[in-house]
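Open your viewer and keep the selection panel at hand. We will go from one selection to the next and look at what is there.

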Amino acid sequence: MNIEQTALPGVVILTPARFGDARGFFSESWNRDRMAKAGYDYDFVQDNHSLSMTPGTLRGLHYQRPPHAQAKLVRCGRGALFDVAVDIRRGSPTYGQWIGVDLTFENGRQLLIPEGFLHGFVTRTPETEIVYKCSDYYAPECDGAVAWDDPDLGIDWGLTGAPVLSDKDASAPQLSKIDTPFVWEAA
Ligand SMILES: Cc1cn([C@H]2C[C@H](O)[C@@H](COP(=O)(O)OP(=O)(O)O[C@H]3O[C@@H](C)C(=O)[C@@H](O)[C@H]3O)O2)c(=O)[nH]c1=O
């Protein structure tokens, strides 16, 4: 498993080894013990899988409030997408900053996003599948969203037109309008 740091401390890109043969490949997409030994100890309890039909479908930016905050491990099961994490931990030196990573079936990269970050993605291909692990269960009463086009965040989604959005995402507030429930703790 190759582990790459990003500009947001704690958010890392994981690239598992792929063992290719005449049939295709085999890959361990998550190995808890090995990752814990590398300093990334996560107890993932829920796996999610969604399909987006149209390129330019944008889901996000989402978070779950404590006591059901979620860390996520995200990868692309089919096609290609651009995955984004935004630091919303009050007091963090990187508060309000974002990073974006191209996750494709081909490159096998995964984004590990700790609690305290918004998560969203936009699809680049038709019939794109995303698969991700979560460290807590879905808790709709703790569900929250921030506007994907919040000017204070200034995320460059690489869009060529208007994205396809859910009603919830189309009416999400700006970050400055929410009371962020996360507080940064120095490591
Ligand atoms: C997220 C989630 C949704 N649902 C249901 C609620 C609703 O009826 C339907 C669709 O939900 P949403 O519109 O929230 O799905 P979606 O917009 O794909 O939400 C997801 O977006 C990405 C960016 C994330 O990071 C995820 O944590 C999640 O928030 O699925 C569950 O049953 N379990 C879950 O864990």
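Which residues are around the ligand? Select Asn 48, Ser 50, Arg 59, Gly 60, His 62, His 119, Gly 120, Phe 121, Tyr 138, Ser 166 and Lys 168; a residue counts as near a molecule if its C-beta atom, placed from the backbone, lies within 6 Å of it.

Residues are numbered from 1 along each chain as its sequence is written. The model is predicted: local features need pLDDT of at least 70, side-chain atom pairs count only at pLDDT 80 or more, and totals for chains, interfaces and linings use all residues.

Now colour β5 (46-52), β6 (58-64) and β12 (117-123), each of which gives the shell at least two residues. Strands are DSSP runs (E, at least two residues), numbered from the N terminus.

Next, pick His 62 and Tyr 132, listed by UniProt under "active site" in an unreviewed entry; such annotations may be inferred rather than shown by experiment. They span 71 residues in sequence, yet no two of their C-alpha atoms are more than 13.6 Å apart, so they gather at one spot.

Zoom in on His 62, in strand β6. His 62 is partly exposed, with 19 other C-beta atoms within 10 Å (buried means 20 or more, exposed 12 or fewer, partly exposed in between). Leaving out residues up to four places away in sequence, His 62 touches Leu 118, His 119, Gly 120 and Ala 145 (contact: C-beta atoms, placed from the backbone, within 7 Å).

Finish at Tyr 132 in strand β13 (residues 128-134). Tyr 132 counts as buried, with 23 C-beta neighbours inside 10 Å.

Technical notes:
Helices (H or I, at least four residues) and strands (E, at least two) are DSSP runs, numbered from the N terminus. Two residues are in contact if their C-beta atoms, placed from the backbone, lie within 7 Å.
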